[in-house]
Amino acid sequence: MSETMVLSIQHMTTYSFDEAVPYALQRLRMRPATDAGQVVETWQLDITGGKVETSYEDGFGNITDLVRLNPGVTEIQIASQGTVCVTDHAGVYGPHQGHAPIWLFEGTTPLTKAGNNARQLAARLRSETADMDDVASLHHVSAEIAKSVVYEKGATDATTTVEQSLGAGKGVCQDQAHVMIAIARQLGYPARYVSGYLLMDGVTQQEASHGWCDIFVEGLGWVGFDVANQMCPDGRYVRLACGRDYGDAAPLKGLRQGDGDEKMQVVLQVQQ
């Protein structure tokens with residue numbers, strides 16, 4: 001029998017600006033959907049300093065909100081919170097669904113483009129996994145990527161590419177997921193990025209949401225792999241959004257007019 005957990009999430013993001021902002025838009029993917037393995041019991045999105053102009057489901061099936069900042073504001077707060085019931089399916093998300101065709105996840109993006117570093121790693125891993133089944137092969141790939149890109153907070157940013165993180169030999173969960181995606185595609189698997197939340201042992205206050213990847217395996221469908229924690233997502237994981245890379249699934253992304261600097265503060269709690 002599959003284990004089920006109910007997770008409570010509170011996610012507050014505050015943007016502070018040095019100068020009053022004449023115009024700005026934020027694109028939010030901060031509302032999880034009831035989907036395979038998770039049921040959203042309650043969820044609330046509150047905006048201070050702006051308002052939701054429109055909401056829609058994007059091409060990847062992500063619930064998306066466009067928020068316009070009130071003209072002249074120097075601060076905006078985005079509070080997203082609720083409870084989600086998650087069932088552990090040993091990382092198996094299941095059949096492909098949504099508007100985006102499966103072949104879209106076989107191609108590359110600027111963040112996940114395989115250069116010499118990724119191609120050499122893929123060639124070695126192809127040889128090492130030749131006699132393994134798909135799932136065992138992908139677990140081996142995940143373990144080797146964790147050695148090739150050692151987790152180090154602050155080593156990279158949202159624009160770091162696969163080649164840059166492999167060249168540096170360090171990165172965060174986003175970079176490790178991007179490398180796994182790039183290698184999986186080199187090995188012939190469709191792969192996608194997933195953003196979401198993770199209940200961490202002994203940790204209540206977190207500094208950022210989490211990221212991992214899905215690999216499409218014939219006979220199983222999408223299977224999740226979290227390189228940073230060397231496991232498949234279980235009942236402690238809540239999915240927010242997915243896409244070809246982080247850019248398609250980022251919880252928050254925006255544009256604004258004005259030359260002043262901005263600061264972002266995140267307060268995140270994930271509890272059972």
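**Close-up 1. Aromatic pairs in the predicted model.** In this predicted model, the count of aromatic pairs comes to six. One of them joins Y193 and Y246: the ring centres lie 5.8 Å apart and the planes meet at 85°, so this pair is edge-to-face. Follow the chain and you will find that the two partners come from distant parts of it, 53 residues apart. Y193 sits in strand β10 (residues 191-198), while Y246 belongs to helix α5 (residues 246-249). With a relative accessibility of 2%, Y193 counts as buried.

**Close-up 2. The pair formed by W212 and Y237.** Here the ring centres of W212 and Y237 are 5.1 Å apart, and with planes at 85° the pair is edge-to-face.

**Close-up 3. A cluster of aromatic rings.** Take a moment to pick out F60, F105, F216 and W222, which ring pairs link into a cluster.

Close-up 4. Helix α1 covers residues 116-128, 13 residues in total. From its first C-alpha to its last it reaches 18 Å, close to the 18 Å expected at 1.5 Å a residue. Which residues of α1 are buried? They are A118, L121, A122 and L125. Seen down the axis of α1, these buried residues fall within an arc of 100°, so they line one face of the helix. Turned away from the buried side of α1 is a face with the exposed residues N116, Q120 and S127. The buried residues of α1 pack against three helices, namely α2 (134-148), α3 (162-168) and α4 (173-186).

**Close-up 5. An open, antiparallel sheet.** Four strands make up this open sheet, and you can trace them in the order β4-β5-β2-β15, with antiparallel pairing. At the edges are β4 (50-57) and β15 (252-256), each of which pairs on one side only. From one strand to the next, the twist averages 20°. Between β4 and β5 (residues 63-69), which run antiparallel, there are seven bridges. In one of the bridges, E57 has I63 of β5 as its partner.

Notes
Residues numbered from 1 in each chain as written. Predicted model: local features only at pLDDT ≥ 70, side-chain atom pairs only at ≥ 80, totals over all residues. Heavy atoms only, no water. Pairing = 2+ DSSP bridges. Helix = DSSP H or I, 4+ residues; strand = E, 2+ residues; numbered from the N terminus. Axes fitted to C-alpha atoms, helices over the stretch in contact; angles between N-to-C directions. Expected span 1.5 Å × (residues − 1). Buried < 20%, exposed > 50% of the residue type's maximum accessible area, 1.4 Å probe, protein only. Arc of directions from axis to C-beta. Contact = heavy atoms within 4.5 Å. Phe/Tyr/Trp six-rings, centres within 6.5 Å; stacked < 30°, edge-to-face > 60°.
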